[in-house]
Amino acid sequence: MMPDLGKYAETVLSAYAVSLVLVVVLVWLSVRRGRKVKAELEAVEKKVGKNG
Amino acid sequence: MIALLLRDLRLAMRAGGGFGLGLAFFLIVVTLVPFGVGPQSGLLATIAPGILWLGALLACLLSLDRIFALDWEDGSLDLLATAPLPMEAVVSVKALAHWLTTGLPLVLATPVFGLLLSLPGAGYGPLLVSLLLGTPALSVIGTFGAALTVGLKRGGLLLSLLVLPLYVPTLIFGAEMARRGVDGLDYTTPLLMLAGITCGTIALLPFASAAVLKVNLR
Amino acid sequence: MTLNRLWEYANPKKFMETTGRVLPTVSVLAALCLVTGLVWGFFFTPDDYRQGATVKIIYIHVPSALMAINAWLMMLVTSLIWIVRRHHVSALAARAAAPVGMVMTVIALLTGAIWGQPMWGTWWAWDPRLTSFLILFLFYLGYIALWEAIENDDTAADLTSILCLVGSVFALLSRYAVNFWNQGLHQGASLSLDKEENVADVFYYPLLVSIAGFVLLFVALVLLRTRTEIRARRMRALLARERMG
């Protein structure tokens, strides 16, 4: 299935690997922060709702 | 405006005003370069224009936070904002004061430093002209950066990060002009580009700097 | 939908509602296009007669480079909208887009350098295009750093939008200066490793799909991150109001 990359196997694979890692990390960090802030906001809104 | 200029010049000349520190820094950089790359005069001659430009640029960079720091701390900047002088004029005068106390002395000192780096004879003229044309741009651009980071504690590194990419075009054309001068090639193009950038920044950037200062003074 | 309707999305509540509905679809589409484009390009295209299998890097290098530039352009537009119309969503969108643009720039740089290595025999060369992207990276870094350094939301939005404006002018200037610096003014590009003038069809279509994938990925990430910024801002406002009693 893997195409014959010849002598450029290392080059091509490392390029793809590095890029995919960066994209995955970016997406993961964005999602994680998004969830965290959403939870914090809901906590604050509940607290303010009780007091206000 | 003249009053503001004279006041800033006087402040810079006082002890602790930073005048002379830029020159000292330039000297240190120039002295360190041969230790870093070796003393062969052939190599030094090749990199001299670039090193001298870099040294001038870095010396300018290091004195940028002084432009607004003192006035920010003692409230003079607030007063200046309410004065009848438009903010654009204030920042232009500040940039001019910075150039007179940093850029210009560096240009005047360059011949001596060129000697230390084996700068070829033909290079002195073009190098000096390029620095003379380019250092005002460095001051004006630096003023913009200083306005952005005024009042930030330890804003020095951020200031460098913001300003150095903005310095790239000036550095490229200035150093290229100097290098071509050394090789005896025609340097009209980099000269015109350099002059263009300097004129453009002097004319337009104060508006941005003034806007930034007004935001920070709110 | 008239252009005026677009301004309704400047309202944070409307923005949150609409993007909440749209985001899952965009994300799925992005994943589909990315996978399709990259799999197609990697497994089902031939080698280039000159560059061998390294031409496969094109499916990542070109889209990421395009997005690196387009992200900055989007930041420029949203910064202008903030300066003129003071819509907070716009300012926050610019803030949200910057890290995405920066990562795109890094990907373009890394894939560019890796692609160049077999051709140039070195891991880095001061090729005008790579150099310009390195400078763009520094612009992104400075922009993000300024947002992080300033506490007051409105002040930060104002300062960073002016920086974006000024930076854009200098970025353009730098592009020209760097070309001049490496090639001299009138020499043709010799080391440029951007795609050749006429990319053959067999490479072109998977490339288009990959580009679409990257664009959708950018949109999805910016929508997600802007939603986060809006929530964070609301939280800060609530906490501030609490403290004032």
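Two residues are in contact if their C-beta atoms, placed from the backbone, lie within 7 Å. The structure is a predicted model, in which local features need a pLDDT of at least 70 and side-chain atom pairs count only at pLDDT 80 or more, while totals for chains, interfaces and linings use all residues. Residues are numbered from 1 along each chain as its sequence is written, and chains are lettered from A and ligands numbered from 1 in the order in which they are written. For the complex, the predictor gives an ipTM of 0.92 and a pTM of 0.92.

**Architecture of chain B**

- Chain B has 9 helices and 0 strands, where helices (H or I, at least four residues) and strands (E, at least two) are DSSP runs numbered from the N terminus.
- The radius of gyration of chain B, taken over C-alpha atoms, is 18 Å, close to the 17 Å that the globule rule (2.2 Å times the number of residues to the power 0.38) gives for 218 residues, so chain B is as compact as a globular protein of that length.
- Along the principal axes, the C-alpha atoms of chain B fill a box of roughly 55 × 35 × 30 Å.
- Of the contacts in chain B between residues at least 6 apart in sequence, 82% join residues at least 24 apart.
- Buried residues account for 51% of the 218 residues in chain B; a residue is buried if 20 or more other C-beta atoms lie within 10 Å of its own, exposed if 12 or fewer, and partly exposed in between.

**Residue B:Leu192**

- B:Leu192 lies in helix α9 (residues 188-216) of chain B.
- B:Leu192 is partly exposed, because 13 other C-beta atoms lie within 10 Å.
- Between B:Leu192 and B:Leu11 there are 181 residues of sequence separation and 34 Å in space, C-alpha to C-alpha.

**Interface between chains B and C**

- Chain B contributes 20 residues to the contact and chain C contributes 22 residues.
- On the side of chain B that touches chain C, α7 (124-149), α8 (156-183) and α9 each supply at least two residues.
- The largest share of that side, 10 residues, comes from α8(B).

**Confidence in chain C**

- The pLDDT, the predictor's confidence in each residue from 0 to 100, averages 88 in chain C, and 91% of the residues score at least 70.
- Within chain C, confidence is lowest in helix α1 (residues 3-6), at a mean of 68, and highest in helix α3 (residues 58-85), at 96.
- Over residues 185-195 of chain C the pLDDT is below 50, and this stretch has 14 contacts in the model beyond near neighbours in sequence.
- Where pLDDT is low, the predicted coordinates should not be read in detail.
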